[in-house]
Each structure stands twice: as structure tokens, then as C-alpha cells.
Amino acid sequence: MEEFLKQCQQSGDAAYSALRSLLERLEDPNTRKDSRIFLAELHKRFNTKEASEKCLETYHFQIQDIYVEQYEGFEKRKKLTLMVIPSIFIPEDWSFTFYEGLNRHPDSIFKDKTVAELGCGNGWISIAIAEKWSPLKVYGLDINPRAVKISWINLYLNALDDNGQPIYDGEKKTLLDRVEFHESDLLSYCRNNHIELERIVGCIPQILNPNPDAMSKMITENASEEFLHSLSNYCAIQGFVEDQFGLGLIARAVEEGISVIKPLGIMIFNMGGRPGQAVCERLFERRGLRINKLWQTKILQAADTDISALVEIEKNSPHRFEFFMGLVGDQPICARTAWAYAKAGGRISHALSVYSCQLRQPNQVKKIFEFLRNGFDDISSSLDLSFEDDSVADEKIPFLAHLTNVLKEISFFPYEQPAGSRRFRSLISAFMRTYHRIPLTADNIVVFPSRTVAIESALRLLSPRLAIVDEQLTRHLPRQWLTSLSIEKTEAAKTSEEDITVIEAPRQSDLMVELIKKLKPQVVVSGIAKFESVTSAAFEHLLDTTREIGSRLFLDISDHFELSSLPTSNGVLKYLAGTPLPSHAAIVCGLLKNQVYSDLEVAFVISEEATMFRALSKTLELLQGNTAIISQYYYGCLFHELLSFQLADRHPPAQRVGEKAKANEAIGSSSLASSVLYSAELSINETDESSLIHMDVDQSFLPITTPVKAAIFESFARQNIAESEIDVTSGIKQLVHCSYGFPSNGNTEFIYADCPVALFNKLVLCCIQEGGTFCFPAGSNGNYVSAAKFLKAKIINIQTNPEAGFKLTEKTLAGSLENVHKPWIYISGPTVNPTGLVYSNEEIKTLLAVCAKFGARVVLDTSFSGVEFDSKDYNGLDLGATMEKLSSNNPDFCVFLLGGLFFKMLTGGIKFGFLLLNQPSLVDAFHSFGGLSKPHSTIKYTLKKLLDLQEAKSGDLLNAIAEKKELLGSRYKHLKETLETSGWEVLEAQAGVSIVAKPSAYLGKNVKLKNGASTREIKLDDSNIREAMLLSTGLCINSAAWTGIPGYCRFTIALEESDFKRALDCITKFQSIIAN
């Protein structure tokens, strides 16, 4: 004994060394009994409070009793015997209050559970939990290695009696069976050893170290006592937004806890009230935890804790911490006042609360945090999973979990048919089958960006002379349709745009039927009044009337369609459960009633007529491209949640029996066979099993970069986004100024849409209304040309020359405009789609000068620019001075800048288009057409984030874009080499995502094509080579009919890596087929 005390008296380090030797003897079963008897004698020697305190002062350790119960319970001890040393946390009010909070739980809280205590200090709380509640296992964890050693000594002190014999509980176990102590930075021990926990408790530091450099030292048991003790009082900056309140370590503990806790697990933390209760509670709530405040009191601020770091935070922010003067003060004072009061000798206190928290939706929240840990820590501060309304949480949290799965598992957004994602359409049809017993398939459903777009697309497809539309559905239709008086076909009544007249009708079936009978419209678009929606009578009346008249009917059920597990009765859907939808009718349904994003809309149209399905799909592709995939993911997640808990195929759907009597030919249905629609070379619709390779679509299937993924997730994870955070105008203005020198002023109108093609089509309508002629150079985007024809614009094609790479030249442009009335010129530039060539600044200026001479309107389409992989001769555009000079000379001349960030930022599935209008007279005309599908706020937030990163020259984003440019350049070289080896003439390209090539070696040759069971032989030319390649290899390309350049086909190169390699193999395979 004397020798032990003599060693301890030398210094704190010597005392620790002596205790460590004692622990080694306790760990050895042969010397354990004697060592425990030695500890009992040591305790007796210092068994009074005065002697214990003298021992700490003289021998650098203290052994004392802590009473953990007010009274002695059944077969329970009311005290623990514990040892402490100066370099570890000494139990005091902070930890006693925490234990009182644990006591507020029912006895079952820890029974048979796996528990971890963070910051266990000398281990007394871990031992007390095991002593009182009989958990399966308690892991006491501390970053201080000396604390872990002393904790083990304390475990032996309480697991064995004074005679060194084991103390067994009612289950014949000792504390040694239930408790372990390990050195661990928070939960790293459990994470590294794959230990799943049911309870996590923590009483850890919540004040930043006033000396940040001190926290960077290596933590070893040989470190100074002062440094090791500081670990129990202070924490370092952890990289969380809560660092500013000293709560960063708690925030990290919670997030680590989410990764290892079981779904029904509970976390309990001691929270100092210094930052304010609201801040403390938000730390948990924004991470998806429900909280329960178990206990709150006031404690004196530890005298050895420096709060100057909190004073510094107050100096640099508007936040005020909460302290009190003494224990009885009830008016809070700030950290600065508290610091001054304490310096003057006063005692300050703060609130101390014990919070119990449980994950709201554990499996989904775990997925979200797993995603954030894998390279997205920077956006964790934006996550907000706190919700006042449980229904909002039940919708948003599963979607965020789904989104993390999507962003983690896919490297790119895959190709989806224009009709919509097949998965999404399958979910809609499954919902209809499961909840409404309507046997639909994915091929009965077309997905649109909005209900308005669906209705307008249907009307443009059918081009009725007269349509009757429910007055509640006309708000966004073109103004010209609603003001036309062309009910009868007379020359005087013809409108300047086209002969569509819309008559508004009340939403009441008997009045609607009366109008239909009198006016005999070709198309009827109607809703159902609420009082008529319960039964199918009104719907059947409309069906019968429109069938008799020969009208097509589009019935809107948006107001009565519920995304719910208990949808209310709906007469229309009841009817469809038993009867096929007649061929002349279709159902329109807008999805907008979600709980979270009020402006996130998707719509779908149901038609059981295959012809109408195909026609609507093609119309959508021409006018909109397709519907934003992220919006489909969102509503797809809602449908999936409503279907996932149900057993599959429990109620097989009834088999449809087609209409026996052929419906009367609907008036206006001839437009379904529109030569424009069916001659347009659009994307190839494929089946589920198809593995076609698409080199025929203007999409990027390159890997989505990390900055883009982060921005997408953050846009959905945030709450209470300010208007300034989704205002992309300043970023777009900066982008077009830096890239093209395009001028903008107070009169410039910035218009945004889901995609550039939708904006382009509105410009075509402006041209039609103005009586203009749209001029396309040969070698333009084939979809744009087809869309202009579909909209009935007057069009001329400007021939281009191979010598100039099929770019417009001053001579060809001037010669083509000589006799054109009110010309509108389409220029794809600086990067030309589809050729991949680039206009120089001088070339564009020359072309604009020609346009100005003829007073032309110019649509400068920059949508495919921004990815120049061979830009040695290109230094950007600078159009400002040129445009100002030309506009002043001819006021009719103007330039509209059309663009998107799809290729500029390589944003994968995020679609966005912008249009700059500098001509005030055309702004009103543009807006008069309405129906523009605007980008959702999450899209604008994503793009604002990326534009800001680009302006700040963020290395991650710029490096990612540079890598993609390099990849595209490499792809171009490989494709060019393969094509030339296989007998194609390739036009040199410099930029963009597509190239053109001429199949010189194949023209005029015969090839046998097998399509299903039939085989036929064709002679190859520049129009049928697309079909030949598709049927023989599965490769989709665009023919000369699409490019507008005789003989030249288009190939896109922004494919997924394996698809690109397969595409090269297909080109080689096709050569072999022709050779044989």
C-alpha cells in the first residue's frame, strides 16, 4: 500500500502509471481477487469526504461513493464506488442531471438492450445503467485513453465485492458480463465493429475550445493532464452548422448514431441550454428525430470552463446565448454579460435539459444520412427533416430516401420514352388496378408536364375548328383561341394563327350537353362538378352525347383524384372499372395535390385507343420534348408508397372486352393521321425488353457530376427557401454576357421553361401570328423543323454548302432572304446542332448584319453550345456592340437568345430552358399563348447553385465540366475513326454532342431486313438507312430526313460508356452485314 501511494504522490502521470499496473492485475484472473481486496483497503483508508479530497490533492487520484438512488431498492445497491484522476471528467452536476433524466424513463428502457454511452468519463453512468436496468450490453466509449482505463478499474470495483468475489444479479450475471469500455471517437468503435445499438446516451462537451490549435494534438495516454482533461470540457469545430453554437460534437454524435442505431432505437443526450432551447431542439428535429424533453433544471457553469468562445460567436453573429445570474435568476443574460459577471466574481448558471429522441422514419432517414456521408457532407447543413405536420413528413422523407437511392445507384439518368418513364406509367396503372379495379397498362398512359400542357397538346393535335372547354380549364389556353369568333367557316372569320375557336362552358353536365348538341364541336374538354362526381351518370351522359355528335371528349378528373390509401368514391373511375374507355374519349388528370411542393405538377392522360396514345406521345415529343424525370420520380415515389405494402396480384384485374359496336368516326380525327406528325423522324418507342442504343436523341447520358447530384438533393432537402435562392436571372444574365456578349437591360424579358423546345415553339407561334416565314438552314435540329411544320408555320429551307461545313454563309443567307416576307431566321450557334461545327464571332456578326438588312427576327439557339472539345479557334462571342448598332439601323431587326444549361452544365436529367426577348412588342404576343410549363422551384434552386459555383470558379464543378469536354473529344475521335473505317464520310466537328456522317459505302446496296416473322429486301439510301441499322443492329440514328443535309445522318456521342462501346460495335456489325 505505502509503495503504491509513494509512487502516486510523485505526479499525476506517476499515479496513472500505478493505476494502470493495478488494472493489469485486475484483468488477470489469478491476481484479480487480491487486487480487488487492495482496492477495498484503499477505499477504507480514504473513506471520509475530507480524506478523499486530500487523497486527490496528495496522491493524484480520488476514490469515493456516489449515491444513485434516494433509497435502497429491491436487491439493488444505492451507491457506486468510483475512482477518478485529474486528467478525466470528475462527476458533478452536469452528469448527475443527465442520470436524473435517464431515471425519468420507465424501467424497460434499457432492459435487455444494447447500449452505448458517449463520453463515459470514469464510467459511472455506464455502470449505473447496467446495475439498475440489466441491459444486454453497455459499451462505455471515450476519446480519452486514460478515462477508459479508469472506467475498467471502476467496473471491477463494482462487479466484485470487497472480498474479491463476483456480485451476481437476478440473471446470474455480473457487471463484467454487461459492460465494456473502449477508446473511441464518438461511435467509431461501434461503427468499425458493426455493432448495432438500441440505445445511445451521451453527456459530451458543448463549448468550442478557446484555443482551437489545442484540439489538433494527437490524443494519447501520455498527453498532458491539462489537455486530456480539456477533452471533457471543450470540443473542436466539427464542420456542422451547429458549430456556431458549440453543438457541433452533439450534431456529429447524432448523425453517427443514426448510422448504427436500430430502427426503433432511442438516443438520449444532455443539452446545455446556453444556445437557447429552440436551437437545441432544432438540432435533433432537422435530422428527422422526434424529441421528448425528459428533465430540465439549472446548474452552475463549471468554473474551469472558459466561455470566451461563446462571446466571440456573439460578436460575429446576431445570436445570443442564454445564461442566468446564480441559480435563482429567471431573466436570461447573454454570454458577454455572463463572462463579465463571472470575471467579477459572480456565479453564472445555465439551463440543462435531457432529451430523448427517436427517428421519425428510421429506415428512410438512415438511407439519407448514408448518402450524405458518401461525399456529400457539405450539404448536410441544408437538410431539414423537421415537420409540424406528420403528413408532410410521411411524403417528403420517403422521397428524399428514394432520391438518395437514385443519385447513389445510377451514374446517369437513363433514356425514357417521350410518353413518360415506363416505371412511372406502370405505377399509375398499378394504382388504378389496385385501388379502382381498372385494368390499365403503361401503354394506356401518357405523362405530361402539366394539365394545361396536356389539354393544349390535345387541341393542337386534333386542330378542331370548334372546341368547347370547361371554363375552369381555359385560363392558360392561347388568348387567340378564346377571342376568336370563327364558329362558322367563313373567310371573314379566319384567324391569323389557325382556325381553332374555343367556347367556354360551365362545369355542369346538363348545360355542357346542351351546348354540345347546339354547337356540334369537334372536341370537348370538360371537368365534372363535385356534386356530379359521386356517380357515373354525368360522365355517361357526356360520353353518349359526344359519341352521337362525333366529338372527341377529354374529361378532367384532377379535382376528384386522390393519392391516398383510402380514396373517396369517384363515379368516372367506377365506370371505367367495368367498361372500357370508348375510343373517342380520354381521361386527363393533373397531379398537384402533394403535401410538400405546391408548384410541382405532373399530369397524365388515359386512352385505351392505341392510335391516340401514339399520337399524344409524338405531339408531346414535338412540343415539349418530354416530362422532367425528377417530377416523375417524385410522384412515382408517392404511388409506390401506396402500393408497396400490398400483396402482389391478390385481386387479378378483370379482362377488358373491346367495344363491340364501332364508334362513329369522330369529327376531326383525321388529324391523327397528320402527315407532319407521322412523317417526322422522332424517337423510336421501345418495349420493356428492348435494349436499343439511342444515338438519335438530344440528351446527355454522361455520368452526373458530384456538384450536380449535391445541388439536386439540396434543392429537395431544404425548407423555407427564400425567393432570392431560386432567382436565376442574375446568373443567366452573367452567363450570356460572358459567353456571348449578349446585351440585356431593363426592357429585356427573361422567360424560363422546362426545356428550350417549349420556348422555341412559342416563338414559332409568334412568327405565325406576325405573318412571318420561318427560315431553317439545311443542317438544323430536325425536331424543331418538324415542330414548326406541325404548328402550321410557313417554312423555307436555306440550302447550305459542304465547303462551309453546312454552316450559313453571308452569300447563301442573303440569296435566300431576297423574296421572303417578314423572315424569322433560326441559327444554331455558336455550336451547330447536329453537325458539331462552331461559328466564330466574326461569322455570327456577318450573319446578323445580313439579317438586319432584311429586318429579320433571329432566333439564336445556344442550347447545344458550351461543350467545345476542340476550341483552339473559338474564343466565344461578343455580340453587344454589333447588335446595338444593327438594331438602331433597322428597328424590325432583333435577336432572341434561346438557351439551356443542359449541355453547358451537363446536368443529366435536369431540364431547363431560357429565352431573352429584347423586343417589347413581341413580349405580349409571346405571353398571349400561355400554357408554358415553368421549371419547378427545386430546379431553379439547383441551377442557381450551379451558376453560383461557376461564377465562383468552383474547382469541383469546373474540373467536372473540363473532364466531360475531354471525354466528348475522345468519344468524337473514336466514333470518327470507327465510322471512317466502316465506310462513312465524317464531317469534322469541334463541339457539342453530335456529329454527322455520310454512308457513302452503303448507298445503292441491297440488304435483307427481318422484322418479326417477315423478311424484305431494300436498296439503301440516305432515308432508309436508319431503319436498316435499327432492324439489323439495334442502333438508333437520325437519317438525312432529320438533319436536312442530303446524304448525311446524325450520331450523338453523350452516351453511357458501355452503350457507346456497343454503338461502335453496331457500326462495325452493320458493315459486316452489308459486306455479306
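**Entry 1: the largest pocket**

I began with the largest pocket and found 42 residues lining it. Ser450, His476, Glu601, Leu932 and Lys934 are the ones nearest its centre. I noted that this is a predicted model. I put the volume of the largest pocket at about 1,100 Å³.

Which elements give two or more residues to this lining? I listed α18, β19, α33 (920-927) and α34 (937-951). Helix α18 supplies the largest share, four residues. I then sorted the lining by class: 16 residues are nonpolar, 15 are polar and 11 are charged.

**Entry 2: the cavities**

Rolling a probe the size of a water molecule over the atoms shows where empty space is left. How many cavities of 30 Å³ or more does the whole structure hold? I counted six.

The largest cavity holds about 700 Å³ of space. I found 43 residues lining it, and Gly625, Asn626, Asp698, Gln699 and Lys911 are the closest to its centre. Helices α24 (629-643), α28 (756-770) and α29 (782-790) each give two or more residues to this lining. By class I noted 18 nonpolar, 17 polar and eight charged residues in the lining of the largest cavity.

The second largest cavity holds about 120 Å³. Its lining includes Val453, Glu456, Ser457 and Arg460. I also wrote down Leu623 and Gln624, along with Ala758, Asn761, Lys762 and Leu765, as lining residues there. Leu791 and Gly931 belong to the lining of the second largest cavity too. The elements giving two or more residues here are α18 (451-462), α23 (610-624) and α28. I sorted this lining into five nonpolar, four polar and three charged residues.

**Entry 3: a sheet of seven strands**

I turned to the strands. Strands of a sheet pair through backbone hydrogen bonds, either parallel or antiparallel. I traced an open sheet of seven strands in the order β19-β25-β24-β23-β22-β20-β21. Its pairing is mixed.

Which strands sit at the edges? They are β19 (749-753) and β21 (795-798), and each pairs on one side only. On average, neighbouring strands of this sheet are turned by 20° against each other, with direction ignored.

I zoomed in on one pair. Strand β20 (residues 773-777) runs parallel to β21, and four bridges join them. Phe774 stands opposite Ile795 in β21.

**Entry 4: a sheet of three strands**

I found an open sheet of three strands, ordered β26-β27-β31. The pairing here is antiparallel. The edge strands are β26 (985-986) and β31 (1049-1052). Strand β26 pairs with β27 (residues 994-998) over two bridges. Across this pair, Val986 stands opposite Ala997 in β27.

**Entry 5: two helices near the start**

I looked up how α1 and α2 pack. Two packed helices are described by the angle between their axes and the distance between the axes. For α1 (residues 2-10) and α2 (residues 12-27), I have an angle of about 145° and axes 5 Å apart. Phe4, Gln7, Cys8 and Gln10 make the contact from α1. Ala14, Ala15, Ser17, Ala18 and Leu19 make it from α2.

I checked the peptide bonds. A cis bond joins Gly829 and Pro830, with omega about 5°. The bond from Asn833 to Pro834 is also cis, with omega near 25°. Where is Pro830? Pro830 lies in the loop between β22 (823-828) and α31 (841-853). Pro834 is found in the loop between β22 and α31.

Ser134 is in the loop between α6 (124-133) and β4 (137-142).

Over residues 111-161, I read 49% helix and 22% strand. The end C-alpha atoms of this stretch are 24 Å apart.

Conventions
Residues numbered from 1 in each chain as written. Predicted model: local features only at pLDDT ≥ 70, side-chain atom pairs only at ≥ 80, totals over all residues. Heavy atoms only, no water. Pairing = 2+ DSSP bridges. Axes fitted to C-alpha atoms, helices over the stretch in contact; angles between N-to-C directions. 1 Å grid on protein atoms, 1.4 Å probe; cavity = no way out; pocket = protein on both sides within 12 Å on 5 of 7 lines; lining within 4 Å. Points joined across faces, edges and corners; volume = space filled by probe spheres on them. Nonpolar A, V, L, I, M, F, W, Y, C, P; charged D, E, K, R; others polar. Contact = heavy atoms within 4.5 Å.
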